[in-house]
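Dear colleague,

I am passing on the structure below, which you will not have seen before.

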Amino acid sequence: MWPRTDSSPGRQAAVIDLGSNSVRLVIYRLEGRAIWTVFNEKALAGLGRDLPTTGRLSPDGIETAMAAMRRFRAVLDGLNASEIMVVATAAARDAVDGRHFLDRVQEETGLRVRILSGEEEARYAALGVIAGQPDAHGVVGDLGGSSLELIRLENGQSGDGITLPLGPFSLGAPRPLDVDKTRKRVDAALALLGQRFATPQFQAVGGAWRNLALLHMIMADYPLRVAHQYEMTRADAQDVARFVSRQSRGSLERIQGLSKKRFDTLPYSALVLDALIERMGVEKVVISAYGLREGLLLEAMSPEERARDPLIEGCEALTAVRGLSHDLGLALETWLTRAFAQLPPVFGERDPILAAAACRLADLGARLHPDHRADLAFDQVLRAPIAGMTHAERAFLACVAFARHSSAPTTPEPDTIAKVLSPERRQRARALGAAVRLGCDLSGRNATLLSHARLVIDGGRLSLIAEPAWRDMLLGEQTAKRAATLAQALKLKLEMA
């Protein structure tokens, strides 16, 4: 038996990570030891891109990061300051103008940024790995844009960590990779560390190495496309690392499944992984989707919470009520109603009721794995024991739930859907789901932000209009992408203002 030691309700916490490559906000739902990601947004600012040559942060990166920070501050409106952690890593730590940049962040957003030392980065990466797998052991390696942190992990405890200038930007990215020259440089940096960090098992942390794992899954036709705890043998990891390190940008662009924004840095990351495997005698590489941010959350938990088993806690929480924001559904309904009322009905008088129901399903997939939540939400709605709807309406809402989480044109079980839903209704479901997704991402699930933007359908145009003071915080890159998907589904021309 694993009884809970308290009955305290879940809570939300947010972590903003100002890294050398990306600036990211993640909002979590914490229920005991269970950690759920409910919102995740990043901007690839490349703050550390110019650091090796100028010693300063990238000017363009600073402006991109500041725009992201202003938006993050708006999304987090209403969350207590004690529930927000903001940290900066290698780029801000090493740049001569790093402190000035962080002072500007505080001045413009009110968010105080904590600069982590290299040793702290390593320790939090190790804590993150423990958060995702309590019995993890070996050496943890966290690869960021500018630095690599290494730290040994045994019996749930971490040793002393080190930081090395072996991130892609420090090695020369975004320039094309010179394999031989860069490998010599990496080997030289690792030459005296091979014995200290020798290990048969390597815990790989960082988006670049997750991308390598996902590529290996594709190459190996591995059916369960979940990066967390994916294992590669020494030979498999080196095969995929050496393959990627020798590819040109053009070649990488032709590979399905890779993040398009990592084409300049991924070969460097692959080369570093290959060198670590050789120098440290690694026999198995384990991918951890948890890292520094989750390490910060784990440290902030009470000793009683940290001692609990995350699998048991997660399974218990998964069966609980799924709602994460009691006012989000109503806010989405209000936001969408006027625009969708301009479209010809596909279910007659039932259209407004189905739209309201679809908005209430907006958070259905919040606790499901992001790579699979569209399919899982679709299946749940299609077979949910809920009264008050016909088979066609059930299929319609299932298609809406799928489109809420995916822009793919084809839903699961296409034959089933085709039998009960006309092409017109399928297209409307795709549009309604895209609209719900737009509303959720524009607002970061913060219902109050929706009141600062309007969705308008007029003739052949779809207009997304934000109040002037809120435009740079609401109409960013991700919002534009979601709006374009909606416009395409509606076959309308998009205008944003």
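How many bridges join S1 to strand S2 (residues 23–31), and do the two run parallel or antiparallel? Eight bridges join them, and they run antiparallel; strands here are DSSP runs of E of at least two residues, helices are runs of H or I of at least four, both numbered from the N terminus, and two strands pair if DSSP finds at least two bridges between them. Please keep in mind that this is a predicted model, in which local features need pLDDT of at least 70 and side-chain atom pairs count only at pLDDT 80 or more, while totals for chains, interfaces and linings use all residues. Residues are numbered from 1 along each chain as its sequence is written, and side-chain values use heavy atoms, with hydrogens and water left out.

A hairpin of four residues links S1 to S2, and S1 is also joined to strand S4 (residues 84–88) by five bridges, running parallel. Asp-17 has Arg-24 as its bridge partner in S2 and stands opposite Val-87 in S4. Six of the eight residues of S1 (residues 11–18) are buried (under 20% relative accessible area, with a 1.4 Å probe and protein chains only), so S1 is largely enclosed by the rest of the structure.

Arg-71, found in helix H2 (residues 59–75), also counts as buried, at 6% relative accessibility. Leaving aside neighbours within four places in sequence, Arg-71 is in contact (heavy atoms within 4.5 Å) with residues including Phe-39, Glu-41 and Asp-441.

Elsewhere, six strands form an open sheet with mixed pairing, in the order S8-S7-S6-S9-S11-S10.

With best wishes

Key. Buried < 20%, exposed > 50% of the residue type's maximum accessible area, 1.4 Å probe, protein only.
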